[in-house]
Amino acid sequence: KSSENPNSYISLLDDPKTILKKCNKSVTDSDSEIRFDVEQKPGVSNLLSILSACTDTPIEDLEKELAGEGYGTLKRKVAESVTETLEPIQKRYQEIRNSDELIDILKEGSKKANEYANSVLLRAQKALGLR
């Protein structure tokens, strides 16, 4: 997301409590009807789009399912579905982040970068007559 406001986007590593908090702060309108209308209800439409993407449920079905419910219910459902969608990503991230394999990869990358940097430095020193 292009906004610098951390409440305007959900990070892949946000915890469920943070996701719920951000969803609850999302902008809707003073009406209470949950319907998809990008022109008249951009905030609600955005939430419905996110919920549809996370649950693989058509927006029309979500509108019917949420008819008569308030925005609080919509925001809670969005938070739950986003949390559920991100859970396997976060789990895999933690597995990789805490693995010995990652440390080995970082060490190898550091070694290669150091070798390359040293060869460039040596060429530069030779070109400047320092060696």
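Modeller: A salt bridge here is a side-chain nitrogen of Lys or Arg within 4 Å of a carboxyl oxygen of Asp or Glu. This is a predicted model, where local features need pLDDT of at least 70, side-chain atom pairs count only at pLDDT 80 or more, and totals for chains, interfaces and linings use all residues. Residues are numbered from 1 along each chain as its sequence is written, and side-chain values use heavy atoms, with hydrogens and water left out.

Colleague: How many salt bridges does the structure hold?

Modeller: Eight.

Colleague: What does Asp14 pair with?

Modeller: Lys22, with the closest N and O atoms 2.7 Å apart.

Colleague: Is Asp14 buried or exposed?

Modeller: Buried, because its relative accessibility is 12%; buried means under 20% relative accessible area, exposed over 50%, and partly exposed in between (1.4 Å probe, protein chains only). Lys22 is also buried, at 10%.

Colleague: And which residue does Glu33 bridge to?

Modeller: Arg35, at 3.0 Å between the closest N and O atoms. Glu33 is partly exposed at 40% relative accessible area, and Arg35 is partly exposed at 27%.

Colleague: Switching to helices. Where do Arg76 and Glu80 lie?

Modeller: Both are in helix H4 (residues 71-97), four residues apart, about one turn of the helix. Helices are DSSP runs of H or I with at least four residues, numbered from the N terminus. Arg76 and Glu80 form a salt bridge, the closest N and O atoms being 3.2 Å apart. Arg76 is partly exposed at 36% relative accessibility, and Glu80 is partly exposed at 42%.

Colleague: Which residues do shared partners join into one network?

Modeller: Asp29, Asp31 and Lys41, through salt bridges that share partners.

Note on methods: Helix = DSSP H or I, 4+ residues; strand = E, 2+ residues; numbered from the N terminus.
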